[in-house]
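Work through the exercises below with the sequence and the model at hand. Each task is followed by a solution in steps.

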Amino acid sequence: INALTAQNAGADGYNTAVGWDVGRSITTGVQNTLIGGLAGDALTTGGENVAIGYGALGQEDGNGKNTAIGMNALTAQNAGAEGYNTAVGWDVGKSITSGKDFFVNWADFPSIYHFGSNSIAAHWLERSGSGTYDYDVKVVTSNNRGKTWSSPQTPHNDGKLGEHGFLSFYNDIYNDLGMIWLDGRNMSSDHSSHGYGSMSLYQTTFNSKDGLIPETKLDGRVCECCPTSAVRTKNSLVLAYRNRSESEIRDIYIIHCTKEKCDEPYPVNNDNWKIAGCPVNGPMLASSEENVAIVWYTAPNNEPMVNIAFSNDEGASFDSPIRLDLSKPIGRVDLTWISPSEVIASWIESAEKTTNILATIISKNGNVSPARIISEIQPGRVSGYPQMEKVNDQVMFAWTELEKESIIKTKWFAISSFR
């Protein structure tokens, strides 16, 4: 711990440090090797350094040939023409927007989406009035991988105070930026009264030539606060959401679109889950070429479960569901393909004394690996919706926790560890 802290090696360097805060405040020296948390933090001069670890070469202002591998690798690096630096790791965090009017919700959170080349989109929610549920969606785009951002735009043009959220981005059939969201323009702002109106599902697209295209309604009555999901396949667009029937059946529905048309919404499975209020538990889609998978939470007859289903026809239909949970799931699912025939699904589940994030590999032929505990988490809403992303042969998980303040925690797993 604190190896070589405040060390001043001089020109004859050749230092090696292994430990937390290693190399902190090394001011001169060459050919240092630093392995550990905050490796090389504030290393200000010297060439041919190697740093492996969290914060590798933080605030480095040296004279070239540095190698940094780890989160925040070469943060605030200013090597100039003396370059030859190598950095593998997290970049410096940059603000997309700031303000005081954000609508903050544990289940309806901001997102970022890469939709081709150097193009990125992001969204968040912003208060539009004094009512508890008066908020709008704001969308920005970047054509230089987040160095600069456009002015915020609102995809819905109804001009009404009310709920607008749970947005999902996707590449549409023409490879433009698409988005769907839950739209409360036909609801009252008072959720305490019976018959307060119906939540709707809306869609629009954005392109550089025409900007935002006027929105269209896809479904006039959907569940009020369950996240949506959307993916592109080779020839189709697949949208998923929790529907709401007149008899309060709230099953997961699919809208399948091609260049010619969008089919009528259909249930991915007839769960027949009757519930009077929104369970705040949406589906998650993932696509790989012509294959689509969907994972979702349901609880018909008071029996909670997490199911997955596969489609071999780009979302036009789905096979029978496969149950994944261990008997006490909470839901809040995520999903990603890890090979042409396999996915990893994650969800939250209660155990006898703990609440855990679980994950498992499922193959298209129906094989399910034993579920693995990713992390024990705090119970309740504080953990939010855990997220999962595949990076090469690893998977990163992220979730929120409340310590002295709300923080984001991450954990990496080799895909092979799930087999």
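**Exercise 1. Aromatic pairs**

Task: State how many aromatic pairs the structure holds, and describe the pair of Tyr 113 and Phe 169.

Solution. Step 1: the structure holds 11 aromatic pairs; rings of Phe, Tyr and Trp (its six-membered ring) pair if their centres lie within 6.5 Å, and planes under 30 degrees apart count as stacked, over 60 as edge-to-face and the rest as tilted. The model is predicted, so that local features need pLDDT of at least 70 and side-chain atom pairs count only at pLDDT 80 or more, while totals for chains, interfaces and linings use all residues. Residues are numbered from 1 along each chain as its sequence is written, and side-chain values use heavy atoms, with hydrogens and water left out.

Step 1: a pair of aromatic rings is described by the distance of the centres and the angle of the planes. For Tyr 113 and Phe 169 these are 5.9 Å and 20 degrees, and the pair is stacked.

Step 2: Tyr 113 belongs to strand S6 (residues 111-116) and Phe 169 to strand S9 (residues 164-171), so the pair ties together parts that are 56 residues apart in sequence. Strands (E, at least two residues) and helices (H or I, at least four) are DSSP runs numbered from the N terminus.

Step 3: Phe 169, at 7% relative accessibility, is buried, whereas Tyr 113, at 23%, is partly exposed. Buried means under 20% relative accessible area, exposed over 50%, and partly exposed in between (1.4 Å probe, protein chains only).

Task: How is the pair of Tyr 241 and Tyr 253 arranged?

Solution. Step 1: the two rings are tilted, with 6.4 Å centre to centre and 40 degrees between the planes. Step 2: Tyr 241 is in strand S15 (residues 237-242) and Tyr 253 in strand S16 (residues 252-257), 12 residues apart. Step 3: Tyr 241 is buried at 1% relative accessibility, and Tyr 253 is partly exposed at 21%.

**Exercise 2. The sheet that holds S6**

Task: Give the strand order of the open sheet that contains S6, and its pairing.

Solution. Step 1: the order is S6-S7-S8, three strands with antiparallel pairing; two strands pair if DSSP finds at least two bridges between them. Step 2: S6 and strand S8 (135-142) are the edges, each with a single partner strand, so one side of each has no neighbour in the sheet. Step 3: on average, neighbouring strands of this sheet are turned by 25 degrees against each other, direction ignored; the axes are lines fitted to C-alpha atoms, for helices over the stretch in contact, and angles run from 0 to 180 degrees between N-to-C directions. Step 4: S6 is joined to strand S7 (residues 119-127) by five bridges. Tyr 113 stands opposite Ala 121 in S7.

**Exercise 3. Strand S20 and its partners**

Task: How many residues of strand S20 (residues 305-311) are buried, and which strands are joined to S20 by bridges?

Solution. Step 1: seven of the seven residues of S20 are buried. Step 2: one side carries Met 305, Asn 307, Ala 309 and Ser 311, the other Val 306, Ile 308 and Phe 310, and both faces are covered. Step 3: strand S19 (residues 291-298) runs antiparallel to S20 and is joined to it by seven bridges; Tyr 297 has Val 306 as its bridge partner. Step 4: six residues lie between S19 and S20 in their hairpin, and Asn 301 in the turn has a positive phi of about 55 degrees. Step 5: two bridges join S20 to strand S21 (residues 322-323), also antiparallel, and Ile 308 is paired there with Ile 322.

**Exercise 4. Two residues and their contacts**

Task: Is Ser 375 buried or exposed, and which residues does Ser 375 touch?

Solution. Step 1: Ser 375 is in strand S25 (residues 372-377) and is buried, at 12% relative accessibility. Step 2: leaving out residues up to four places away in sequence, Ser 375 touches Thr 355, Asn 356, Ile 357 and Trp 399, where contact means heavy atoms within 4.5 Å.

Solution. Step 3: the C-alpha atoms of Gln 394 and Phe 413 are 5.5 Å apart, with 19 residues of separation in sequence.
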